[in-house]
Amino acid sequence: MTASPTQTLAPERDAFHLGRTLELARRGSGRTSPNPLVGAVVVKDGRPLGEGYHWGPGEPHAEAAALAACSEDPAGSTLYVSLEPCAHHGRTPPCAEAILAAGVERVVIASDDPSAKASGRGPEVLRREGVEVQWAGEEVAQEARLLNQPFRKHAITGRPLVVFKSALTLDGRVATRTGDSRWISSEESRARVHRWRADADAVAVGIGTALADDPLLTARVDGGEVPTRVARRVVFDSGARLPVSSRLVRGADAPVTLICSPAAPRSVRDALAAAGVEVLVGEGDDEAARVGAGLDALGDRGVQSLLLEGGPRLAGAFLDAGEIDEVRAFVAPILAGGGRGVLEAEGVASIADARRAVGVEVERIGDDTLLQARLREW
Ligand SMILES: NC(=O)c1ccc[n+]([C@@H]2O[C@H](COP(=O)([O-])OP(=O)(O)OC[C@H]3O[C@@H](n4cnc5c(N)ncnc54)[C@H](OP(=O)(O)O)[C@@H]3O)[C@@H](O)[C@H]2O)c1
């Protein structure tokens, strides 16, 4: 990880304005990848002069948007921002320059940017030019970091953030003894999954699920809302067994990526590629190593967030590889009495060694209970 900024406890007034930057940042949800969610507020004599947030790639950064929205001259103001300002030229000019040009006197930052091209540079430029730079206290900083977990993990590791989603019975089954799994969760829960697909860069299943359920894995969001981005659909399929006639290949216009092993027959790979499937080869001696290789390949293609939709064996390999960052489990009030368990991993020998969530949220959705458990934070 990159050097962590010196923490300066911001007073209450600063925490209030920083809270507003986080609210603004959230407005870009589902649109900004590969860029982070960022919000900014310009305040002078205790009054907000302008605010803004990052809308999406190629659009102005939050700081520039907030400065442009100012109702009066921002010279001598304080700029609050949820992520450290950049100092590099990307698709838009550096924010540090815009802040200096506007005559801002003080900048208060909620969280660091761990990407190599950014980390610490913007604040350094500002300080050098005489701008007072302060960092938020840990509580606000954590909230700001949680906003950008996919961006942060990708910046730090080169791999996407993995959210494992599953629908299970009260006795922890994701399919009955005959393999039936439709539908364990309520309609409302399934609608939520479509929302998540619309927000993710990619959605993945194992070939077992692709063959058993023939899913489309597209985001079908209710209310006529058209998702702004289309998630890449990924199948972990060592032998390239995905049928060219499957709904994944034929059923929708969204990109499909297949991750196979070097041993997959060349003729089958070529047939899938000819049908429009991107075929990637992931090397590795075991399933966990091949998970890592697949994630590296997706990360190289700019995938920052992956919604892993099972099944149990692929999810188990992700767990064994230490690559599940968050679990979202819809627990339905039904008992299957047998069938497949939610995760088929090697598992731990003692409860003391079990992975423990660092943050859990619980919500009722229809008849189901949704448990969202973060396993680690970036
Ligand atoms: N209730 C739910 O939320 C839910 C969600 C999804 C699925 N399901 C159910 O789960 C069942 C399917 O699950 P499943 O466990 O049989 O299949 P799966 O986990 O979908 O796929 C497992 C297969 O993926 C392939 N694979 C490729 N790379 C891998 C890697 N690195 N690690 C592990 N596997 C890799 C392996 O086959 P190759 O070696 O041939 O590539 C493996 O057999 C179905 O009944 C489905 O309905 C339920």
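Select D45 to begin: it counts as exposed because 8 C-beta neighbours fall inside 10 Å (buried takes 20 or more other C-beta atoms within 10 Å of the residue's own, exposed 12 or fewer, partly exposed is in between, and the C-beta atoms are placed from the backbone). D45 sits in the loop between strand 1 and strand 2 (47-53), where helices (H or I, at least four residues) and strands (E, at least two) are DSSP runs numbered from the N terminus. Its phi is positive, near 50°, although D45 is not a glycine. Most residues other than glycine have a negative phi, and most peptide bonds are trans.

Some housekeeping: you're looking at a predicted model, so local features need pLDDT of at least 70 and side-chain atom pairs count only at pLDDT 80 or more, while totals for chains, interfaces and linings use all residues. Residue numbers start from 1 along each chain as its sequence is written.

Next, jump to D214. This is another non-glycine residue with positive phi, near 45°, in the loop between helix 8 and strand 9 (232-236). D214 is partly exposed, with 13 other C-beta atoms within 10 Å.

Now for the cis peptide bonds. Pick S33 and P34: the bond from S33 to P34 is cis, with omega near 10°, and P34 belongs to the loop between helix 1 and strand 1 (39-44). Then go to G310 and G311, also joined by a cis bond, with omega about 0°. G311 is in the loop between strand 12 (305-308) and helix 12.

Stay there and bring up the ligand. Which residues come nearest to the ligand? Of the 30 around it, they are G206, G208, S238, G310 and G311 (near means a C-beta atom, placed from the backbone, within 6 Å). Helix 8 gives the most to this shell, five residues. By class, the shell has twelve nonpolar, ten polar and eight charged residues (Ala, Val, Leu, Ile, Met, Phe, Trp, Tyr, Cys and Pro are nonpolar, Asp, Glu, Lys and Arg charged, and the others, Gly among them, polar).

Colour helix 12 next. Seven of its nine residues are buried, among them P312, L314 and F318.

E287, A288 and V291 of helix 11 meet A317, F318 and D320 of helix 12, with contact meaning C-beta atoms, placed from the backbone, within 7 Å.

For a contrasting pair, select helix 1 (residues 12-26) and helix 5 (residues 138-147). Their angle is about 10° and their axes are 11 Å apart, so helix 1 and helix 5 are roughly parallel. The contact residues divide into seven nonpolar, no polar and two charged.

Last stop: zoom out to domain 1 (12-147) and domain 2 (157-374), with bounds from an automatic or database domain assignment. Their C-alpha centres lie 35 Å apart, and five residues of domain 1 are in contact with seven residues of domain 2.

Notes
Contact = placed C-beta atoms within 7 Å. Axes fitted to C-alpha atoms, helices over the stretch in contact; angles between N-to-C directions. Parallel < 35°, antiparallel > 145°, perpendicular 65-115°, else oblique.
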